[in-house]
Amino acid sequence: PTSPRQLIANSMKDTELPHVHVVIAAHNEARIIARRIQNLQMLDYPTHKMDVYLGTDGCTDATAEIAREAASNDDYIKIMEFSENRGKMVVLREIISHIGNTGNAPSSSLLVFSDANTMFAHDAVRNLVKSFSDPRVGGVCGRLVFTHPSPESADIEQALENPAEEGLYWRLETKLKAWESALDSCLGANGAIYAIRTTLFWESIPTNTIVDDFVIGMKVREQGYRMIYDPSAIA
């Protein structure tokens with residue numbers, strides 16, 4: 001049967017969907033990077049409205065080579081290899097600067113942030129973007145679910161049917177995001193799955209920023225937009 005999440009996601013026509021730029025920084029993720037790219041390739045989102053940018057941060061393993069091979073048949077997936085290890089924030093800034101300089105980033109486009117070792121549910125991006133139809137919303141944070149270790153070929157939807165038990169801290173963290181969102185805005189986001197309007201990215205964010213998801217999310221709120229939580233967008 002169709003789940004409530006799928007019903008919500010499928011309610012948006014492809015012509016109504018915004019263009020998204022999925023941005024991921026990776027350092028020595030050779031073990032998982034092919035599976036992550038496969039996960040992105042299986043998303044229920046029109047590829048002509050999606051670009052994926054994977055920046056490899058001075059990897060000393062085969063992350064870049066494996067990523068290029070996995071994405072070789074898909075022009076919308078770009079591998080940006082940086083030879084020097086400079087940290088996640090530097091990579092994110094460089095990728096987003098490149099997006100802006102290509103001239104292919106319409107003002108209505110969105111940046112979707114994630115991690116190399118995170119898997120999206122098939123409808124995650126559709127559910128993540130639907131709240132942006134409200135002009136007051138500048139960012140949306142999805143829900144991160146912990147799953148049991150599974151074979152490389154395991155389907156993410158099957159893994160979500162048998163999630164790992166979440167500890168007290170994470171249950172409280174999830175509740176807080178829901179309550180903050182209902183009241184006004186989340187305090188930051190969750191780096192595994194969140195999106196913001198491309199125009200709201202703080203271009204001069206310090207390169208030594210550690211909790212980038214918190215800072216990027218709070219800068220959205222500082223500009224007068226809401227940062228909300230949508231548990232239907234699952235990673």
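1. A helix crossing is called right-handed if the near helix is turned clockwise from the far one by less than a right angle, and left-handed if it is turned anticlockwise. In this predicted model, α2 crosses α3 in the right-handed sense.

2. The two helices concerned are α2, which covers residues 33–41, and α3, which covers residues 63–70; their axes lie 9 Å apart and form an angle of about 30°. Since angles under 35 degrees count as roughly parallel, α2 and α3 are therefore roughly parallel to each other.

3. On the side of α2, the contact is made by Ile-33, Ala-34, Ile-37 and Gln-41, while α3 contributes Thr-63, Ile-66, Ala-67 and Ala-70. By class, the residues of this contact between α2 and α3 comprise six nonpolar and two polar ones, with no charged residue among them.

4. As to the protein as a whole, its secondary structure amounts to eight helices and seven strands. The radius of gyration is 17 Å, close to the 18 Å that the globule rule gives for 235 residues, so the protein is as compact as a globular protein of that length. Taken along the principal axes, the box filled by the C-alpha atoms is roughly 45 × 40 × 40 Å.

5. On confidence, the average pLDDT of the protein is 90, and 91% of the residues score at least 70. Residues 1–7, however, have a pLDDT below 50, although this stretch has 10 contacts in the model beyond near neighbours in sequence. Where pLDDT is low, the predicted coordinates should not be read in detail.

Key. Residues numbered from 1 in each chain as written. Predicted model: local features only at pLDDT ≥ 70, side-chain atom pairs only at ≥ 80, totals over all residues. Heavy atoms only, no water. Axes fitted to C-alpha atoms, helices over the stretch in contact; angles between N-to-C directions. Helix = DSSP H or I, 4+ residues; strand = E, 2+ residues; numbered from the N terminus. Parallel < 35°, antiparallel > 145°, perpendicular 65-115°, else oblique. Contact = heavy atoms within 4.5 Å. Nonpolar A, V, L, I, M, F, W, Y, C, P; charged D, E, K, R; others polar. pLDDT = per-residue confidence, 0-100. Rg over C-alpha atoms; globule rule 2.2 N^0.38 Å.
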